Amino acid sequence: MIPPRVRGNDYRTLDVPALGAWTPTISVSVIIPAYGGQDKLDLVIEGLARQSYPGHLTEVIVVDNGSDPALRVPSWVKLVVCEQPGRATARNAGLAVASGEVVHWLDSDVVLTPRAIEAHMRWHHAATYLVVTGYIRFTSAPVPAVLPDDLERSFEPAEPHTWIVDLVERTDGLTANPTRPFSLHVGGATSVNARLIAAAGPMDEELVLGQDTEMGYRLAQAGAVFVPEPLARAYHLGPTMRMRDKAPIDRVSHATVADRIPAYRWLRSHPGRQWKVPFVEAVVDATGTGYEDVRATVDALLAGTVPDVRVTLVGPWDTLARDRRAPLKDPNLDLVLVHGHYAHEGRVRLAVDDAVEPAVPYVLRVPAGWVPGVDSLARLLDVARDEGQGLIDVLLSESAAGVVTARLERTAAFARAAIVSGPEEDLDDAVDSVFGVRWVEGETYGFTRQTRDIPGRGSVHRARLDAQAEAEKLRADVERLRGQVERWREEAGKWRKNAVELRREVGSLRRDLAAAGRVQQGLRAALTASVRRALRKKD
């Protein structure tokens, strides 16, 4: 049966039954890694014994991660001993023996409310590619000897998982094109379809901290939809280590997850670093293509404004046999030149096929000989991110011979499309239904055709240097203009002050002039009166 389709992370379109109004059929394995803490573990297991989800569909696995004394569990709980320390190692040990169609991660100090697993599992009955996380509250109440009947009454007041609550609220329940929905994958109370885990791979045992988030990222890359479920409630007995020591934990976690989670862009601020998982993998087929064409495309990609990129050159590299006596007559000379030119470039990978590591979030496929502009890739990534597109088709040329395109593919979108597509359905059409497809003009986004007078890296590098020089010149001009503006502001201030003083002087002069006018009028009147008197005397 073809699974229902969710566009982006908008799980609200799924038909999910109400609690108690459905018949469960899917099995779940609850995996609990534990190290000591027998008193809390007893309460956690007791909480699982009270679950409303059918017992014959529920498998509980406790992984004793080297406890001394060894942990004790009831007979209906499967106990696995894992001597190698580490929560990721313990979880993988439990995963190795789990038989459920869904895996429910649970910490050994998290007590589930009676309907929590049912609240999780109703989502997994609606679609096979979901990651569901419950709402954990952190209680400071004393740990009881026996699990109380009324958990809320005994464990409240308690603090919510503030970070998750804030993430859900500011993204409309993770449906409003969130950039990092995978952050919802926390090990305390999260359930995952087992087939998703098989596609994404187990937890990374090399990581000291941050394993939950890193696995959540790989689950997203495998096509997962992330669902926050407020009805799946749980109580954490006491504060977490992260709540007590957030800053030092972040320091340790960020140092290692940056290599593995390209979506954490703020952790990759160094412009020249290479990372274990690049943000973009650009795939260029070098087979049957001239050396100059390949070099122009690859060098343009490496010189662009997106430094977090790795180029995969596809070709029959394992079959090359250089003719050292007559190299100019070698039928594979162009491939030999490409191989020699990039064999020691750390950002270029020579591969015999176009398969890309699933953890890489974006894949750009460009035909050799087409040269992206310095910011072409950055602009395409902006469109994919802002619009949530799963595929951007870049029209490079169109003629009677056919259409030539470049493609920017979102790996998670193609993984989701592969899950929900029908047997005869074109994968691009399925991508369009779950994320979206956008066509753009290559010329508009800075793609040009390679010509022989463009020697490749030299011209691209010079163009980049010219652009940087022009940018520096423009920055200098801006600073100069800012200085002029400041001087003009100072001059304007002086002019305003002078204008005020001039207005005052003009007002004073006007008053003096009015007074003089009044004196003049008085003198004129006195003179007129004197003349009149003189004339009367004469008469």
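What radius of gyration does the protein have, and what would a compact globule of 539 residues have? The protein has 36 Å, whereas such a globule would have a value near 24 Å. The radius is taken over C-alpha atoms, and the globule rule is 2.2 Å times the number of residues to the power 0.38.

## Basis of the model

This is a predicted model, in which local features need pLDDT of at least 70, side-chain atom pairs count only at pLDDT 80 or more, and totals for chains, interfaces and linings use all residues. Residues are numbered from 1 along each chain as its sequence is written, and side-chain values use heavy atoms, with hydrogens and water left out.

## Overall build

The C-alpha atoms fill a box of roughly 150 × 85 × 45 Å along the principal axes. The protein holds 15 helices and 18 strands. These are DSSP runs numbered from the N terminus (helices: H or I, at least four residues; strands: E, at least two).

## Surface and charge

Of the 539 residues, 46% count as buried. Buried means under 20% relative accessible area, exposed over 50%, and partly exposed in between (1.4 Å probe, protein chains only). The accessible surface comes to about 28100 Å². Carbon and sulfur atoms account for 54% of that surface. The areas come from the Shrake-Rupley method with a 1.4 Å probe; for residues, only the protein chains shown count as cover.

The protein has 67 positive and 72 negative charges, and their mean positions are 14 Å apart. Lys and Arg count as positive, Asp and Glu as negative; His and the chain ends are left out. Each charge is placed at NZ of Lys, CZ of Arg, CG of Asp or CD of Glu.

## Tyr 129

Tyr 129 sits in the loop between helix 3 (116–124) and strand 6 (130–139). Tyr 129 counts as buried because its relative accessibility is 0%. Beyond residues up to four places away in sequence, Tyr 129 touches residues including Pro 3, Arg 5, Leu 196 and Arg 416.

Arg 5 is 124 residues away along the chain, yet the two C-alpha atoms are separated by 10.0 Å. The Tyr 129 side chain also reaches the backbone nitrogen of Val 6 at 3.1 Å.

## Asp 204

Asp 204 lies in the loop between helix 6 (194–200) and helix 7 (211–221). Its relative accessible area is 14%, so Asp 204 is buried. The side chain of Asp 204 reaches the backbone nitrogen of Glu 206 at 2.9 Å. Leaving aside neighbours within four places in sequence, Asp 204 contacts Ala 88, Gln 211, Glu 214, Arg 218 and Arg 260.

Key
Contact means heavy atoms within 4.5 Å. A polar contact is a pair of N or O atoms within 3.5 Å; within protein, one must be able to donate a hydrogen and the other to accept it, and residues adjacent in sequence count only if both atoms are side-chain atoms.
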